[in-house]
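Good morning, and thank you for coming.

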Amino acid sequence: MSDRTSYGGQAVMEGVMMRGRRDMAIAVRAPSGEIAVYHEPLSGSSWTQRVRPLPLIRGVFMLWDTMVLGMRALVFSANVSLTEGKLAEQERDDAGTLTGVALWGTVAVSLLFSIGLFFVAPLAVVGFVDRYISSSVLSNLIEGLIRLGLLIGYMLFIGQLKDIRRVFGFHGAEHKAINAYEAGDPLDVEHVRRHSISHPRCGTGFLLIVVLLSILVFALLGRPPMFWRVVSRIVLVPFIAALAYEFIKWTANHMDNRLVRLLVSPSMALQRLTTREPDDGMIVAAIVSLKRVLLAEGKISADEVYGPGVVPVDETGRVLEPERIPVAAEPAIEASS
């Protein structure tokens, strides 16, 4: 395909968020059976637009953007999935939206919790037995294996929850839709269903790469006093995430190479824990979300997005009139994985 835009997304409650260079869209299936579609352009300051494309720097920006947009998408999907009756009959206000200080605070708390659980906690466990380990390399390796075990155990645990299993189905639908588009296939249920539920730019694979790279990076630091080891686990997370992003981006562009496919095989295998084969309704939601981004980029017409049962809404879930459907403009922002 000549289109080199990398589309990415995230599964949410009863729906899928998709994003491209300049836009993001969320398609959520309401209890009425309708699909609510929200779209907004992505923006940034002139300074961030200059530094965002730089290697390593772009990974840090993308990680933060993904967390912020992901949190907003989850709140939006929760609001829509709990509606009663037709979307057009709902009375909406901004009480259910998460914006401003509340949004940034929620993202910050989530980030700190993740760092504490997956980076600081394994170090604390190793601290109890570190006196019996003579090698700093072995100490860091054990810490990394504990971190990997926590990650896999967490995925296995949440995968047993009924609601999360449905989210994982939408995750599979997201991958299928993107795989179909990148293969040049029509975006309909019949063609999308044929594709894999795995994708080389998946966030699950990204987390695995972060964990594996952390073992290497922390091993290079040796075994300084515990205080500085804790500090390093916190402050180096953005750097490790940036390295992981560059690795994911590079491998995704070279999947025709046998060695690259071998390198990403653990990542592709781990995705089986966070994806499920979707039903047709899940696939439709993923297709609508991706098509809404393509509409904003002028690649398809509105008629290809807004068919029967597909309703444009604003951030609060309020139904929009067709003439008020927004289309994004510059500046361009690189897509997430």
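Predicted model: local features only at pLDDT ≥ 70, side-chain atom pairs only at ≥ 80, totals over all residues.

Residues are numbered from 1 along each chain as its sequence is written, and side-chain values use heavy atoms, with hydrogens and water left out.

Let me start with the chain. It has 11 helices and 5 strands; these are DSSP runs numbered from the N terminus, helices being H or I with at least four residues and strands E with at least two. Of its 337 residues, 48% count as buried, where buried means under 20% relative accessible area, exposed means over 50%, and partly exposed lies in between, for a 1.4 Å probe and protein chains only. Among contacts with a separation of 6 or more, 72% are between residues 24 or more positions apart; contact means heavy atoms within 4.5 Å.

I turn now to two helix pairs. Helix H5, residues 162-182, packs against helix H11, residues 280-296, at an angle of about 50°, and their axes are 8 Å apart. Axes here are lines fitted to C-alpha atoms, for helices over the stretch in contact, with angles running from 0 to 180 degrees between N-to-C directions. H5 and H11 are therefore oblique to each other, since angles under 35 degrees count as roughly parallel, over 145 as roughly antiparallel, 65 to 115 as roughly perpendicular and the rest as oblique. Residues of H5 that meet H11 include Phe170, Ala173 and Tyr181, and their partners in H11 include Ile283, Ala286 and Leu290. By class, this contact between H5 and H11 has 12 nonpolar, 1 polar and 3 charged residues. For these classes, Ala, Val, Leu, Ile, Met, Phe, Trp, Tyr, Cys and Pro count as nonpolar, Asp, Glu, Lys and Arg as charged, and the others, Gly among them, as polar.

The second pair is helix H7, residues 203-220, and helix H10, residues 258-270, whose axes come within 8 Å and cross at roughly 125°. H7 and H10 are therefore oblique to each other as well. Thr204, Gly205 and Leu208 in H7 meet Pro266, Ser267 and Leu270 in H10. That contact of H7 with H10 has 3 nonpolar, 3 polar and no charged residues.

What of the interior? In the largest nonpolar core, which has 31 residues, those touching the most other members are Met18, Val37, Leu187, Val192, Val288, Leu290 and Leu294. Such a core is a set of buried Ala, Val, Leu, Ile, Met, Phe, Trp, Tyr and Cys residues joined through side-chain atoms within 4.5 Å. H11 supplies the largest share of this core, 10 residues. Leu290 is in contact with Tyr7, Met18, Ala177, Ile178, Tyr181 and Leu187, leaving aside its neighbours within four places in sequence. A second, separate core of 20 residues includes Met155, Val211, Ile240 and Leu270.

Finally, two single residues. Which strand holds Val311? Val311 lies in strand E5, residues 310-312, and counts as buried because its relative accessibility is 12%. Val311 and Glu34 are 277 residues apart in sequence, yet 7.0 Å apart in space, C-alpha to C-alpha. Leu138, in helix H4 (residues 136-158), counts as partly exposed at 40% relative accessibility.
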